[in-house]
Amino acid sequence: MFHRKGIGLSQGSETVVLEKPEEALAQRRMVGKSVRPRKDLPLLQGLASYTDDIKLPNMVYAAFVRSPYAHARIRRVDTSKALKLPGVVYVLTGTEEAKPLVYWMDKPGMRKPERLSLAKEKVRYVGEPVAAVAAVSRSIAEDAVELIEVDYDPLRPVVDAENALKDDSAVLYEDWGDNVIFHDVLRSKGTKDAFSEADFVFKERLVSNRYSPTPIENRAILASYDKEKEFLTIWASTQFPHVMRTFLSQVLGFAENHIRVIAPSVGGGFGIKSAIFPDEVSVVILSLKLGRPVKWAEERREHLLVAGHERQQVHYVECAVKRDGTLLAVRDKIIADFGASGMFWTEVQPAMLTAASIPGPYRLRNYDFDLWCVATNKGPCGPHRGFGRPVAAYVMERMMDIVARKLRLSPVEIRLKNMLEPNELPWTTPVGVLYDTGDYKKALRRLLSLSNYEELLKEQSRQREKGKLVGLGIAAYVEYTAPASSRLQGPLGWAVSGWESCHLTIDPSGKVTGQLGTASQGQAHETVFAQIISDALGARFEDVYVSEGDTQSAPYGWGAWASRSTVVSGGACIKASRKMKDKLVHIAAHLLNEAPKDLEMTNSIITSRGGKKSITLQEVADVALRFSSKLPEGMEPGLDVVAFYEPDAPTTCSYATHLAMVEVDRETGSVKLMKYFVVDDSGVVVNPLTVEGQIHGALAHGIGGALFEDLVYSEDGQLLSSTFIDYLLPTATVMPQVIHDLMETPSLTLGGFKGMGEGAAIPTAGALTNAVDDALSASDVKFVELPITPEKVYNFLKAKEH
């Protein structure tokens, strides 16, 4: 049982006392303050160093031969012409060396598709790497790729997940006999009865599109093997340096303590850089063979071909409801298109998270699902910002509006009727996800107030009288963030832990350095964690420096994913600061001849009660390090502590409500975003300025997936949207006016933080689809497939005219 001031969380027979978050950060001088991120100016000035900016002596460049077929056997690879090209150093094929990529997920019933560093006998998607070239320049490497001849025996592909489930489908992995990577089932005890007792059952087939994370910086890796020292140094655009080091050690059979992974500046991660791909492993293999640095930087077409395809799912969803709109039960058959496979390390989890997130903020006791994760001849499915949850929010929020319209209820009314009350939390969903703290109805009501919803309805009526198609759409979500080891290693079957680390040191000048096991891709970690340490320790913010992203200096950590860094690394910063503060206060007490309990530290000054005596942090640090003879008897010198933190609760849930106002052009079908409102609760807010940036960035990501982005395949498995000419992204002119407000309901974690880096990308498709649906309500249009492209809208409108 968990306890926190009247809050009890059932968790077996375990008893954990949870601290009040306000006690964890009693001094909130910096937490809650909008501080400009320290790295903003250097980034804007172009002074950051990314992986592709690094140049080493004797470095060569890699390029890849990629399969032009979606499904084929490899008969022969002829590299002779490429090897004769001046400047070519080496050509690696799968016949010579194809390392199997290890799995860290061992979920019962989950098959493990073959993943090799280079394809050896068969290719299963266009873009799969077949050979790797190393040359003295990138252009020569690319020229050599064109000279390599591969003899393929084409096979029949399958590019539709529903067709891939049929008996007569082509099969990607012959020894399986079918294309099912994973099948999962949930049955709630009361679902059958709930459907029998329902006044209405509403059924829909809802389709979500396949799209890519598209960070500004594509994937990049530079591997440098020193044969003499038998030491491998890797610079990589990655979200998890320590995980990459462990993974490569396992794949290559190379001593982990002889590998160093450095994440320099990373130009966006968005999930895909918490995956490791075959081509990246091949670059490291080339360096090991050559004993010299090898660099590869992904091109945009390569990224769209192979990196981070996610979200493509079909949902056959049924909602059982009462006449008054009360939601009794949900059934959902989910068919998720995983392409040739999932990716290390998340595997089938994106679809598992979709299934787990369907209940949303609603009082849903009865929920059944059948989840089918299906292999097709497309690029592999990898992690992508939001990680399956955007599809869940789209499905549930669309059904809320569809049911409301059928029952002649307002979108607000049906949500307020079904949302959980604050006193019902903590709440465990039918899937076993714990909702810890929050007030979902308050967030919705605040959204209505923030947007002046009644006035928006009047404005909508006025615009409709002028013949304009204006619509309003609401969507809500709950996101569980920072999952604990118990959930990761239990229900998810993952060889991953949920803790994070902080190594805190103070030098003789009183300056504080925090080294963290996580890694940043633009989230302002160097600022946010300095704010937390400053308050928890009582040190001047200006004197705190935060470092991360280098396995040689940072303590082991699991990286940035699942909106976890502020929650878990923030907790580690607080724990380390407390350890450090305890030693500082004891030294100061000895020097001031005061009791430790009578001292407090603020702004790098330790003061006695009443302020009669004081000593600076610099003076105490000098004693701890340079004048250790003055230390209390028996105390070791030094100011060096390490702390590890993992939340006691299995999940930490953030949530938000969104409202979109759109106008549809009846002549072109284009959708104009007029206004967008967000009310977000991410617990104790460390830096409102960076939170605002995260909201805007994630919102742009969600808008892209809802309106523009789509990885379209032909029947023979060719990607038809492989450049930014065909694969459209939202631009600054598309973005609406965004008005947001922050609620602050502390979580049950140390510091009261909740995750929010992915949040605004989650409900966007639901809000926008509901808004477009509302705009076209007079035409009785019902949108059930993403993205909402102008062509689809135009065709809907023209079809209704006839």
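**Before starting.** I am working with a predicted model, in which local features need pLDDT of at least 70 and side-chain atom pairs count only at pLDDT 80 or more, whereas totals for chains, interfaces and linings use all residues. Residues are numbered from 1 along each chain as its sequence is written, and side-chain values use heavy atoms, with hydrogens and water left out.

**Entry 1: α12 and α13.** I looked up helix α12 (residues 411-418) and helix α13 (residues 440-451), and found that they pack at an angle of about 160° with their axes 10 Å apart. Helices here are DSSP runs of H or I with at least four residues, and strands are runs of E with at least two, numbered from the N terminus. Axes are lines fitted to C-alpha atoms, for helices over the stretch in contact, and angles run from 0 to 180 degrees between N-to-C directions. The angle makes α12 roughly antiparallel to α13 (under 35 degrees is roughly parallel, over 145 roughly antiparallel, 65 to 115 roughly perpendicular and the rest oblique). On the α12 side I noted V412, R415 and L416 as the residues in contact, and on the α13 side K441, L444, R445 and L448, where contact means heavy atoms within 4.5 Å. I sorted these residues into four nonpolar, no polar and three charged (Ala, Val, Leu, Ile, Met, Phe, Trp, Tyr, Cys and Pro count as nonpolar, Asp, Glu, Lys and Arg as charged, and the others, Gly among them, as polar).

**Entry 2: the sheet.** Next I followed an open sheet of three strands, in the order β25-β26-β27, with antiparallel pairing; two strands pair if DSSP finds at least two bridges between them. At the edges I found β25 (599-602) and β27 (614-616), each pairing on one side only. Between β25 and β26 (residues 605-608) I noted four bridges, and I saw that E600 stands opposite T607 in β26. Helix α18 (residues 617-625) lies across β25, β26 and β27, and runs at about 70° to β27.

**Entry 3: α19 and α20.** Finally I asked how helix α19 (residues 688-707) meets helix α20 (residues 764-775), and found that their axes come within 8 Å and cross at roughly 50°. This makes α19 oblique to α20. The contact joins L699, G702, I703, A706 and L707 of α19 with T764, A765 and L768 of α20, and I sorted its residues into six nonpolar, two polar and no charged.
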